[in-house]
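Opening my notebook on this one. I'll start with a single side chain and then zoom out.

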Amino acid sequence: MHNSSFAQELEPRRWAHVPVDANYFGVGYVRTDGEVLFDPVLQIEDAKVSVNTVIATYLRSFDWSGKTARFDIRVPYQKATWKGLLDGSPAKAVRQGLADPRVRLSMNFIGAPALKGKELQRYRTSHTTNTVVGAALAVTLPLGEYKEDKLLNLGQNRFIIRPQLGAVHTRGPWSFELTGSAFFYTDNNEFWNGNTREQDPLFTLQAHITRNFRHGIWGAVSAGAVRAGESTINGEKKDDTKNDFLYALSTGLPLSRTSSIKIAYARGRTHKNVGSDADNIAVGYIRAF
């Protein structure tokens, strides 16, 4: 369900100019429902999946050589249920536990000087038109629940290394954002009964248009594309190159000067015979301290 994982990463305001020396803690819930299209050789048909995900996040912003930088960590806990036909008979699988956490280090190296609270407010007032460019490196850690004798798992039993490059142009209340990412995978040498799974790099592009309203309310329209990433099992290519498209709607609503909630809906569809079609509904709470 890669496009569902990517839907959770389809986040606007990723490169927003935030004050340094600030901490943010968040907790969110994501409900995913979709259809899974497996390799026909597995003889799994009419497969559907429902996933409940609780995500805890922590972000720290800091000054890096006069630029605004961030470190963040995301830890998901999931319960997933798959249903379908296996060799023509009804079958069901349930997994519950920790999924793979992700850490990320990012820096805005153009258009986002390291500023604290009131300094940043004055900067924004005098720079109503501004362009920020940033880069990041995210790493997904193989710490999630994984059993090598199971085809369906919450963890992937491999590292995923993801460099990112993005830019956001702000003009008054409008922001236009673009982020490109590449996913590089280490091998999973314990894939389903002792097999070895390799995967080619995966490339994604996401775009967002965000509108800020009064009282700190904002809304965004997002779209993303996923390409490449063909798998190889024991040296045999699986013809499962990704070709997915996703779009999302999201909004942020402040509760106080230090806390807010975010609500989002994301829909992902594959244009291949192997992959997944899924709908995601998310709600999250964020507090600054």
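Started with Thr68: its side chain reaches the backbone oxygen of Ala112 at 3.1 Å. I also found the backbone oxygen of Pro113 3.2 Å from a polar atom of the Thr68 side chain. I take a polar contact as a pair of N or O atoms within 3.5 Å, one able to donate a hydrogen and the other to accept it, with residues adjacent in sequence counting only if both atoms are side-chain atoms.

Housekeeping: this is a predicted model, with local features needing pLDDT of at least 70, side-chain atom pairs counting only at pLDDT 80 or more, and totals for chains, interfaces and linings using all residues. Numbering runs from 1 along each chain as its sequence is written, and side-chain values use heavy atoms, with hydrogens and water left out.

Where does Thr68 sit? I placed Thr68 in strand E3, residues 67-86 (strands are DSSP E runs of at least two residues, helices H or I runs of at least four, numbered from the N terminus).

Buried or exposed? Thr68 has 2% relative accessibility, so I log it as buried (under 20% relative accessible area; exposed is over 50%, partly exposed in between; 1.4 Å probe, protein chains only).

Beyond four places in sequence, I listed contacts of Thr68 (heavy atoms within 4.5 Å) including His17, Val18, Phe62, Met107 and Ala114.

Zooming out, I noted two helices and 17 strands in the protein chain. Buried residues make up 42% of its 289 residues. The C-alpha trace spans about 65 × 35 × 30 Å along its principal axes.
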